[in-house]
Amino acid sequence: MIEARHLRVLRAVATTGSFSAAARELGCTQPAVSQQMKALEASACTPLLIRTGREMRLTEAGEVLVRHASGILAGLTAAEEEIAAIAGLRAGRVRLVSFPSGSSTLVPTALAALRADHPGTRVSLVEAEPPRSVEMLRDGDCDVALAFRYGAPTAEWEDLVVRPLLADRLVGLVPEGHRLADAGAVAIGELAGESWIAGCPRCRRQLVEVCEGAGFTPRIDFATDDYPAVVGLVGAGLGVAVLPELAVQSLRPRGARTVAVEPAVEREIVALTLPDLAKVPAVAATLDQLTRTAAGTRG
């Protein structure tokens with residue numbers, strides 16, 4: 001295997017014309033230069049220098065290697081500088097995937113702060129709900145996934161680094177003229193006979209579980225992954241809904257009122273990444289900023 005340090009010595013010898021002059025240029029001893037040249041010739045399996053008295057000249061193989069050495073060493077120097085920039089957060093790229101209500105609330109503030117602190121770090125964003133977002137992380141299609149889950153932690157993310165961000169409570173959404181529009185809080189059972197508008201598949205399953213726990217099965221007349229559409233349908237008097245509070249914060253519920261729902265149901269919002277990716281400076285900085293932004297949201 002040809003090593004970069006050996007190429008540097010060969011180039012110095014070719015430039016200066018002798019081992020002693022190359023040693024002075026490289027700041028080492030003449031025996032050290034001689035040893036490295038022997039190691040390089042052993043790696044190349046052919047002589048690279050011809051020594052005749054005090055003169056030294058390159059063999060044909062040596063000329064070829066010197067010709068390529070400049071480009072190889074320049075490429076290594078550029079790579080070293082680029083890696084140093086990434087390690088020092090002067091450069092870097094993070095691919096972030098988030099669910100929609102996270103994209104409109106947590107993500108903008110976090111990314112603006114990250115850009116201010118580390119302007120050389122670039123973050124791209126795409127949207128996906130879990131579990132698709134988690135699949136993208138495991139498949140290598142993103143570096144950080146903003147996700148959520150209901151209920152007690154399970155083993156579904158045990159292979160990932162999980163950064164808890166906040167607990168997002170579900171709130172009820174009813175039309176302005178609804179009989180419970182002015183109620184401070186309502187028991188979920190009080191909405192048993194209503195027409196329901198349901199959200200994303202995971203939220204839909206949670207809604208059914210909560211309602212069944214209260215003794216009824218919700219009649220879902222409309223289902224949409226689009227939160228503004230849910231609000232619009234409720235505002236038009238077409239039904240009631242339960243939405244995460246974070247989603248409601250990103251909207252202006254025209255024609256609809258929010259009410260607290262009892263018993264309280266929360267979803268855990270987290271940032272996920274792979275163990276090796278967590279060591280990458282730009283990814284670690286993104287996780288830290290999402291955590292700080294979430295703490296401000298709680299406050």
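**Aromatic pairs and their surroundings in a predicted model**

By the ring-pairing rule, the count comes to two aromatic pairs; under this rule, rings of Phe, Tyr and Trp (its six-membered ring) pair if their centres lie within 6.5 Å, with planes under 30 degrees apart counted as stacked, over 60 as edge-to-face and the rest as tilted. The model is a predicted one, in which local features need pLDDT of at least 70, side-chain atom pairs count only at pLDDT 80 or more, and totals for chains, interfaces and linings use all residues. Residues are numbered from 1 along each chain as its sequence is written, and side-chain values use heavy atoms, with hydrogens and water left out.

A pair of aromatic rings is described by the distance of the centres and the angle of the planes. For Phe99 and Phe148, the ring centres are 5.1 Å apart and the planes stand at 85°, so the pair is edge-to-face. Phe99 lies in the loop between β3 (92–98) and α5 (100–104), while Phe148 belongs to strand β5 (residues 144–150), so the pair ties together parts that are 49 residues apart in sequence. Here, helices (H or I, at least four residues) and strands (E, at least two) are DSSP runs, numbered from the N terminus.

Phe148 also forms an edge-to-face pair with Tyr150, at 6.0 Å centre to centre and with 80° between the planes. Phe148 counts as buried because its relative accessibility is 0%, and Tyr150 counts as buried at 14%. Over the face of Phe148 lies Arg267, at 4.4 Å from the ring centre; a charge sits over a ring if NZ of Lys or CZ of Arg is within 6 Å of the ring centre and within 35 degrees of the ring normal.

Strand β3 also holds Ser98, which is buried with a relative accessible area of 0%. Leaving aside residues up to four places away in sequence, Ser98 touches Ser103, Val107, Leu125, Val126, Glu127, Ala128 and Leu146 (contact means heavy atoms within 4.5 Å).

Elsewhere, strand β8 (residues 195–198) points Ser195 and Ile197 one way and Trp196 and Ala198 the other way, and all are buried. β8 pairs with strand β9 (residues 219–223) in the parallel sense over four bridges, where pairing requires that DSSP finds at least two bridges between two strands. Within this pairing, Ile197 stands opposite Phe222 in β9.

Key:
Buried < 20%, exposed > 50% of the residue type's maximum accessible area, 1.4 Å probe, protein only.
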